[in-house]
Amino acid sequence: MSKHYGDPVEEPPRVVHRNRLLKLGLGVTLAVVAWGYLVSAAIHFGGQGRDGESGAWVFMAFATIGATACMFVMLILASKVLSTLRGEVPIRPAPGGGKRARR
């Protein structure tokens with residue numbers, strides 16, 4: 001059968017990578033749980049800092065930085081989940097890289 005201009009284009013079937021989705025979903029869940037814990041810790045240490053414990057401010061800063069990092073990781077993993085659901089497969093680097101391969 002010949003293809004003509006205006007004929008509908010057939011899309012290849014989507015392949016669902018369940019193992020990849022499971023791992024990414026687990027990563028998103030862990031990042032959200034860690035984020036929640038670190039946010040509550042930052043609130044707790046902030047309250048202690050306001051009560052006069054000066055060392056609590058350092059712990060609050062570390063908890064805030066950690067919570068920010070967890071949220072960043074969660075957003076990256078969530079975007080990978082969405083691209084996997086769309087059927088986009090990550091490109092794997094070619095083997096044999098390094099300085100010799102760039103010459």
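Why does Thr 84 count as buried? Thr 84 counts as buried because its relative accessibility is 3%, and the cut-off for buried is under 20% relative accessible area, with exposed meaning over 50% and partly exposed in between (1.4 Å probe, protein chains only). Thr 84 sits in helix H2. Leaving aside neighbours within four places in sequence, Thr 84 is in contact with His 17, Arg 20, Leu 21 and Leu 24, where contact means heavy atoms within 4.5 Å.

Some ground rules come next. The model is predicted, so local features need pLDDT of at least 70 and side-chain atom pairs count only at pLDDT 80 or more, while totals for chains, interfaces and linings use all residues. Residues are numbered from 1 along each chain as its sequence is written, and side-chain values use heavy atoms, with hydrogens and water left out.

On to the overall picture. The protein has two helices and zero strands; both kinds of element are DSSP runs numbered from the N terminus, helices being H or I with at least four residues and strands E with at least two. Of the 103 residues in the protein, 19% are buried. Take the contacts between residues at least 6 apart in sequence: 69% of them join residues at least 24 apart. The protein exposes about 8,800 Å², and carbon and sulfur atoms supply 66% of that area. Accessible areas come from the Shrake-Rupley method with a 1.4 Å probe, and for residues only the protein chains shown count as cover.

Now the helices themselves. Helix H1 covers residues 18-50. H1 has 33 residues and reaches 48 Å from its first C-alpha to its last, close to the 48 Å expected at 1.5 Å a residue. The expected span is 1.5 Å times one less than the number of residues. Helix H2 (residues 56-85) has 30 residues and should therefore span 44 Å at 1.5 Å a residue; its end C-alpha atoms are 43 Å apart, which agrees.

What do the buried residues of H2 pack against? They pack against H1, and in turn the cover over the buried residues of H1 includes H2. On the H1 side, the buried residues are Leu 21, Leu 24, Gly 27, Val 28, Ala 31, Ala 41, Ala 42, Gly 46, Gly 47 and Gly 49. On the H2 side, they include Ala 56, Ala 63, Gly 66, Ala 67 and Cys 70.

The largest nonpolar core has seven residues, namely Leu 21, Leu 24, Val 28, Ala 31, Met 74, Leu 77 and Val 81. H1 and H2 each supply at least two residues of this core, and H1 gives the most, with four residues. The term covers a set of buried Ala, Val, Leu, Ile, Met, Phe, Trp, Tyr and Cys residues joined through side-chain atoms within 4.5 Å. In soluble globular proteins, nonpolar side chains tend to be buried together. Leu 77 is in contact with Leu 24, Gly 27 and Val 28, once its neighbours within four places in sequence are left aside.

Gly 36 lies in H1 and counts as partly exposed because its relative accessibility is 30%. The C-alpha atoms of Gly 36 and Ala 67 are 7.6 Å apart in space, although the two residues are 31 apart in sequence. Ala 42, also in H1, counts as buried at 12% relative accessibility. Not counting residues up to four places away in sequence, Ala 42 touches Met 60, Ala 63 and Thr 64. Its C-alpha is separated by 9.2 Å from that of Ala 56, 14 residues away along the chain. Met 60 belongs to H2 and is partly exposed, with a relative accessible area of 23%. With neighbours within four places in sequence set aside, Met 60 is in contact with Ala 42, Phe 45 and Gly 46. Met 60 and Gly 47 are 13 residues apart in sequence and 9.3 Å apart, C-alpha to C-alpha.

Last comes the surface. Val 58, Phe 62 and Ile 65 make a nonpolar patch of about 330 Å². Val 58 is in H2 and is partly exposed, with a relative accessible area of 46%.

Methods:
Patch = residues over 30% accessible without salt bridge, like charges linked within 9 Å, V, L, I, M, F, W, Y side chains within 5 Å. Salt bridge = Lys/Arg side-chain N within 4 Å of Asp/Glu carboxyl O.
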